[in-house]
Amino acid sequence: MSAVDAVSAVSAVSTASAVSPADRRSLEDALRASENRFRAAFVDAGIGMALIDRSDRIIEANPALAEMLGRTVPELMRLHIHAVMDIEESSRQVYRELVRGERDRIRLEKRLKHRQGHAVWTNITISLIRDSNGEPLYTLAMVEDVSEARRLGDRLHYQAMHDPLTQLPNRSLFFERLAGAFAEADQRIGLCYLDLDGFQAVNDTLGHHIGDELLVAVARRLEQRFTARGHLVARMGGDEFAVLVPRSAGAEELTALAAEVVEVVGAPYDLSGQRVAATASVGVVERPVPGTTPTELVRDADATLCWAKTDGRSRWALYDPERIAYQTTRQVLATTIRPALERGEFLLEYQPLVDLSGGRLCGVEALVRWRHPDFGRLAPDRFIQIAEETGAIVPLGHWVLETACAQARSWLDRFPEAQLFVSVNLAARQFSDSDMVADVAEILGSTKLPARLLQLELTESAVLGPVGRPVEALHALSAMGVRIAIDDFGTGYSNLSYLSRLPVHVLKLDGSFVEGFREPRENRVNGESGENGQNRPHGANGSVARGAADEKIVAALVRLSHVLGLTVTAEGVESATQADRLRATGCDTAQGWHFGRAVPATEIDHLLGARRRAATR
């Protein structure tokens, strides 16, 4: 007979008056035996047990339950169950259904009250005991203490949600709290995302143990300063931390907080007897919750942190939607530049190069444009640097060189008297990532363009900088008959000694030198720039003095270049005055909007045709 059957038999005896005395004694003996077995099981059970009447009072409890609650068995007798547990309304409703006989068994996870005040977490199974007529009589509660398992689960959850080194909330808990903050749709939210400047150098020079101590020290400073204000301080990984402001008062609050972060982190640290300096860069984002998502908030804060580092470190930067749009555009261009080349989205335009002594069109500079399907027509300054960074400059540069040489050959065939050369810009990466000499030889061979009609332009930094020193390649190209020009001369290293050691044929003076070649009246207004110039206001007195100095510098450079056997090209010529003054210095050729903007090849055809017609008159 089971324990429940034994308890049920209590009521069965009262209905047994119709049986014989012998049968009655036999039934009573069986009942006593069953009752003894039940009581032994009840008393000696390893889990807590209690019989509860229909008024929710304990009528029987075993020692295991009494010990679990820090009480004695007699103390539990007739105690209302509310004295040892709080029952929520939902649980109360389910329990009442059990008492009314609508259920036979329920299982609950409940927190019981220990006599000393602490909580005892339990799993409780409550079974309904009915009388012989099936009516509810008692409930039997079996109580299992799961407090240790609960504490273990809490510890594991804490470890899963906190950084083991600093004990700060980790990335998982940060995003959990961030999602909770976004649940309040009418709020504003702010985030300061930071990392330590040069942290890797601390690990490399002082050791990882000092690096760990520094992270702990930074965490303590941030936690002590900002947690008490209701902000969440979390370690996001590595040397990155975040300060979340769930209910922001506006951008001013966040920028002030970011300034505090820079100040707090920047104070020196004493770690293991060593004085360690550290600084932080901070990205700040503050906005209303509607219209954004947690992912976007963190993404924009991380991007803004990168701006702070780019702008000089140990500072904060506030999110700028225009700047992020620019970066997004750069990313789009970086990923689409190679497919765009395959789809034929690039084109070349040609800017005239004019002989200053006679005004003759002697050459053109090939300038690449991108007809982007989404962003429209893009000038080189929008994508050339991206192409260099991604390596796409190699196939793009090869296409430019091949297309320009084929066009120059076409002009030579149709206008042989012009002997028009084409000038093509090269990047340092084209020398390091490809065989430039072989590429040029192949293209000249396939297009049948004489090498003397090809000019290759490199900047000073490309020739002398750390990215690459293509000296051998330049000598080989020069030996083929190709002209070598140094572009934007005067803006790079400006080391004149290399001019006598490298096979350079042309110096192209940066447009900034030409700006001073203006009449005072011209210098008092904003001038529209040439292809390589800039729009700048010019003050009269300062510009006159600067113009005189620039004119002397250019004259000296022209004389030096001529002594070395070089020709000089001036960029950014925008007026007849500039052209006349440059001509007076002995400058050989020039380009700029005064002589013509970059135009399609057909426009150069018209110029060459017009010159031919003028020569035959």
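Contact here means heavy atoms within 4.5 Å. On that basis, in this predicted model, L456 touches L401, V424, L426, V440, L477, V482, R483, I484 and A485, leaving aside residues up to four places away in sequence. L456 is also one of three residues, with V422 and L454, that touch the most other members of the largest nonpolar core.

**Nonpolar cores**
- The largest nonpolar core comprises 81 residues.
- Helix α14, spanning residues 393-414, gives the most to this core, contributing ten residues.
- Another core, of 31 residues, lies apart from it and includes L215, V233, L257 and V265.

**Sheet and its packing**
- An open sheet is built from five strands in the order β7-β8-β6-β11-β12, with mixed pairing.
- At its edges are β7 (232-237) and β12 (316-318), each of which pairs on one side only.
- From one strand to the next, the twist averages 20 degrees.
- The pairing of β11 (residues 280-288) with β12 is parallel and extends over three bridges.
- Within that pair, V284 has L318 of β12 as its bridge partner.
- Helix α7 (residues 171-182) lies across β6 (188-196), β7 and β8 (240-245), and runs at about 135 degrees to β7.

**Cysteines**
- The count of disulfides is zero, where a disulfide would require a pair of cysteine sulfur atoms within 2.5 Å.
- C192 has a relative accessible area of 0% and is therefore buried, the cut-off for that term being under 20%.
- C405 is likewise buried, because its relative accessible area is 0%.

How values were computed. Residues numbered from 1 in each chain as written. Predicted model: local features only at pLDDT ≥ 70, side-chain atom pairs only at ≥ 80, totals over all residues. Heavy atoms only, no water. Pairing = 2+ DSSP bridges. Helix = DSSP H or I, 4+ residues; strand = E, 2+ residues; numbered from the N terminus. Axes fitted to C-alpha atoms, helices over the stretch in contact; angles between N-to-C directions. Buried < 20%, exposed > 50% of the residue type's maximum accessible area, 1.4 Å probe, protein only. Core = buried A, V, L, I, M, F, W, Y, C linked by side-chain atoms within 4.5 Å.
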